[in-house]
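Here is a friendly walk through one structure. Please keep the sequence and the 3D view open as you read.

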Amino acid sequence: MKLNPYLFFGGRCDEAIDFYRGAIGAELEMAMRYKDGPQNSDHPLPENWGEKVMHASLRIPGGDALLCSDGDQAGEPTFTGFQLSLETATDEEAERVFAALSDGGKVTQPLIHTFFSSRFGMVEDRFGVGWMITVAQAA
């Protein structure tokens, strides 16, 4: 089994994809647009949503997938009750990723040294997604 987070960006998915590609080095594996899917007269597309992302897959360095979509609602999505935990290999990588995710976002725990990691911090990115950044510790 695999657990892949699936985030809905309420119309800002293309922006999120570009942001995560730059901030954490994610690779876009695939993206489907609503205009390319089957049309359902019982559930018509919102106006101007043909070019919006119906489904996309981003590959995070290290192999994990982050799935995303514009969803089928407009407005600001809320990302509450969870955070994405990203483990880096080095302090320098943690600092770079933390700074990138913080751009336009809100730091909720500055990046610090702790008893369980040489770097640990929490940030809400510009979309409101919560991230916890840690550095992998030797066994």
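## Ground rules

This is a predicted model, in which local features need pLDDT of at least 70, side-chain atom pairs count only at pLDDT 80 or more, and totals for chains, interfaces and linings use all residues. Residues are numbered from 1 along each chain as its sequence is written, and side-chain values use heavy atoms, with hydrogens and water left out.

## The four-stranded sheet

Let's begin with an open sheet of four strands, ordered E1-E4-E3-E2 and mixed in its pairing. Helices (H or I, at least four residues) and strands (E, at least two) are DSSP runs, numbered from the N terminus; two strands pair if DSSP finds at least two bridges between them. Strands E1 (6-8) and E2 (27-33) are at the edges, and each has a single partner strand, so one side of each lacks a neighbour in the sheet. From one strand to the next, the twist averages 20 degrees.

E1 and strand E4 (residues 65-69) run parallel and are joined by three bridges. Phe8 has Ser69 as its bridge partner in E4. Helix H1 (residues 13-24) packs on this sheet, where it touches E2, strand E3 (53-59) and E4. Contact here means heavy atoms within 4.5 Å. The direction of H1 makes about 5 degrees with that of E3; such axes are lines fitted to C-alpha atoms, for helices over the stretch in contact, and angles run from 0 to 180 degrees between N-to-C directions.

## A cysteine pair without a bond

How many disulfides does the structure hold? The count is zero, with a disulfide defined as a pair of cysteine sulfur atoms within 2.5 Å. The sulfur of Cys13 has its closest cysteine sulfur in Cys68, 3.6 Å away, which is too far for a bond.

Cys13 is buried at 0% relative accessibility, and Cys68 is buried at 2%. Buried means under 20% relative accessible area, exposed over 50%, and partly exposed in between (1.4 Å probe, protein chains only).

## Aromatic rings

Twelve aromatic pairs turn up in a search of the whole structure. Rings of Phe, Tyr and Trp (its six-membered ring) pair if their centres lie within 6.5 Å; planes under 30 degrees apart count as stacked, over 60 as edge-to-face and the rest as tilted. Phe9 and Tyr20 make a tilted pair, 6.3 Å centre to centre with 55 degrees between the planes. Phe9 sits in the loop between E1 and H1, and Tyr20 in helix H1, so the pair ties together parts eleven residues apart in sequence. Both Phe9 and Tyr20 are buried.

Tyr20 also forms a tilted pair with Phe127, at 6.0 Å centre to centre and 55 degrees between the planes. This pair links distant parts of the chain, 107 residues apart: Tyr20 is in helix H1, and Phe127 in the loop between strand E7 (120-124) and E8. Ring pairs join Phe9, Phe19, Tyr20, Phe79, Phe82, Phe127 and Trp131 into a cluster.

Ser57 belongs to strand E3 and is buried, with a relative accessible area of 7%. Leaving aside residues up to four places away in sequence, the contacts of Ser57 include Glu27, Met30, Ala65 and Leu67.

Ile133 lies in strand E8 (residues 130-135) and is buried at 0% relative accessibility. Beyond residues up to four places away in sequence, Ile133 touches, among others, Leu86, Val97, Leu101 and Phe120. Leu101 and Ile133 are 32 residues apart in sequence and 9.9 Å apart in space, C-alpha to C-alpha.
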